[in-house]
Structures are given as structure tokens and as C-alpha cells.
Amino acid sequence: MKIDIVYNRKELTEIENKTVIVIDVLRASSAIVTAFANGSKSITPVLEVEDALKLYNRDNTLLLCGERKGLKPDNFHFGNSPFDYKREYIEDRNLIYTTTNGTKALLAAKKAKHILIGAFVNLRAVVNKALSFGNDITILCAGREGEFSLEDAFCAGLMVTTINSLVCNLDIEDGARWGYNAVKSVKGVLDVLNDSEIQTFLANTKHGKYLLSIGLQNDIEFCACQNIFDITPEYNMNKLMTVVGSMSFSIGK
Ligand code: MLT
């Protein structure tokens, strides 16, 4: 099995027979996982706010969710904070979702054999799900407006470290080797990092500092929590559905 990390969606190639794990730690992939953990029925990612509004005008049972510049767009029901996706708001509801980086990365991976959503909050679950398919794995970092995202790269490196501990003779491509070594340089002799160390790391990234500047400290704390959900959202037929643990279950379109 080969594994690689791609740090910019524009560099994503040859994924037709691969499993792609899409990471946008702050905050799309953390928010998507939380929404499914709280019972949302499906999430349809779209590129533009206008696309979301058009779909809503056709079906106003949908919920408009997402962000631009980290904040809820006008006329949307919810923003992109995991705390927006409380069970009482979104259970059994179909969400239309658009964000600055996360949805662009997700849709850039459409040709992949399997597309999964990963973050710190479901790291072990998404690794197990990706390994269950048996395909080569590419981990795609959403980045930030086309730039390198330190938080996504760190999460990707931690995923490579986890996969390497589970798979014999893993063929680690250069991009993945870089992330793996970066994590080891942060972890040092520690065999694990605790949530507060990850929270400190996130708070010192470019996007983390921006989120702090608009008062979203709680989001950073939440997105740093490791393995709090055994949920693996999978993208198929233009919609994200959820996979709980190792079982897929149909929850209707
Ligand atoms: C995104 O999720 O695409 C962005 O990282 C923006 C955010 O949620 O703050």
C-alpha cells in the first residue's frame, strides 16, 4: 500500500483508484464530522454561495450552512463552527454546505475511488475506514485560499504516523514522508500528543490566529480534540453520507 500527502488541491493527480482523505481541520472537516455525529441526514457540498442559495430556493427544507472569511454568509441558517451543528438544529436534516477551502478540496477529489473526511476529531475512525478499502491512500490538505495549511499538514502527518503503526511495509511517498517527519519533530520522544498540545499548535497557525481574532477560541479547542467521534463521512453521488465505525448505513438521500 502506498500513502502520500498532497498539500495543495491543484497538485491532486492520478486518484481514480485511490482513497482520498480530505482534511480541513479549521474547520470544514471538523464541522462535517460533528454534523453527522449529531444526526444530520446528508451534506451536499457546493462551490459557491450562489449554488447553495439556488438549491435552497428549489427545496426550502434544506439547511444552508458554511462560511466566507470564517463567518456565516447572509441568509444562511448556520456558519462553520462545529457548535452550530447541534442535534436539535440538524438531526435528520439535509444540509447544503459551502466553505472557503474545505468544499473546494472535497470537490477537487471527486474522481477518487473513495473520498473520506478526516480531522483530529475522527482521526482513528477515518484511518480505519481508509485501510478497510485496501487502496493506496492520498491525504489531501485543503489549505487556506491556495496557501499551505500548517494545521492540515500536521493532521495529515499524524494520520501517516498512525497508518504506519498499523500497516507493514507501507510505501511512504515523499509528500507523506515529509509530514511524518514533521510530526516526529514536534512529538519528539512523546509517543502521543495530548489535546491541549494540539490546541496550542492550532492556535499558533495562520488560520488559527485569524479565528482567534474573530472570537472563535472555542472552535480551536474543539477541533483539537482527538478521536471524539467514530464517524467517517464519505462522499458519494454528490452527497456526503456518514459511516459509523466500520459499518455503512443507509440513511436515505
Ligand atoms: C474552511 O473550512 O473552508 C475554512 O477553513 C474556513 C473556516 O471554516 O474558517
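**Figure 1. Helices H6 and H8 pass each other in a right-handed crossing.** This close-up, like the others here, comes from a predicted model. The axes of H6 and H8, the latter spanning residues 195-203, approach to within 9 Å, and the crossing angle is roughly 145°. On the H6 side, the residues to look for are Leu 150, Glu 151, Phe 154 and Leu 158. Their partners in H8 are Ile 198, Phe 201 and Leu 202. Sorted by class, this contact of H6 with H8 holds six nonpolar residues and one charged residue, with no polar ones.

**Figure 2. Helix H6 also packs against helix H7, at an angle of about 95°.** Here the two axes are 8 Å apart, and H7 covers residues 174-187. The angle falls between 65 and 115 degrees, which makes H6 roughly perpendicular to H7. H6 brings Phe 154, Gly 157, Leu 158, Val 160, Thr 161 and Asn 164 to the contact. From H7 come Ala 176, Gly 179, Tyr 180, Val 183, Val 186 and Lys 187. The class count for the contact of H6 with H7 is seven nonpolar, four polar and one charged.

**Figure 3. Helices H5 and H6 cross at roughly 55°.** H5 runs over residues 123-133 and H6 over residues 150-166, and their axes come within 10 Å. That angle makes H5 oblique to H6, and the crossing is right-handed. On H5, the contact is made by Leu 123, Val 126, Val 127, Asn 128 and Leu 131. On H6, look for Cys 155, Leu 158, Met 159, Thr 162, Ile 163 and Leu 166. Nine of the residues in this contact of H5 with H6 are nonpolar and two are polar, while none is charged.

Figure 4. Which polar atoms lie by the oxygen atoms of the ligand? Asp 24 places a polar side-chain atom 2.9 Å from a ligand oxygen. For Arg 27, a polar side-chain atom is 3.0 Å from an oxygen atom of the ligand. Thr 100 takes part through its backbone, with a polar atom 3.4 Å from a ligand oxygen.

**Figure 5. Leu 26 and Arg 27 are joined by a cis peptide bond.** Omega for this bond is about 10°. Arg 27 sits in the loop between strand S2 (19-23) and helix H1 (28-37).

**Figure 6. Glu 14 has a positive phi, near 50°.** Most residues other than glycine have a negative phi. You will find Glu 14 in the loop between strand S1 (2-6) and S2.

Methods. Residues numbered from 1 in each chain as written. Predicted model: local features only at pLDDT ≥ 70, side-chain atom pairs only at ≥ 80, totals over all residues. Heavy atoms only, no water. Axes fitted to C-alpha atoms, helices over the stretch in contact; angles between N-to-C directions. Helix = DSSP H or I, 4+ residues; strand = E, 2+ residues; numbered from the N terminus. Parallel < 35°, antiparallel > 145°, perpendicular 65-115°, else oblique. Left-handed = near helix turned anticlockwise from the far one by under 90°. Contact = heavy atoms within 4.5 Å. Nonpolar A, V, L, I, M, F, W, Y, C, P; charged D, E, K, R; others polar. Polar contact = N/O pair within 3.5 Å; in protein donor to acceptor, adjacent residues only side chain to side chain.
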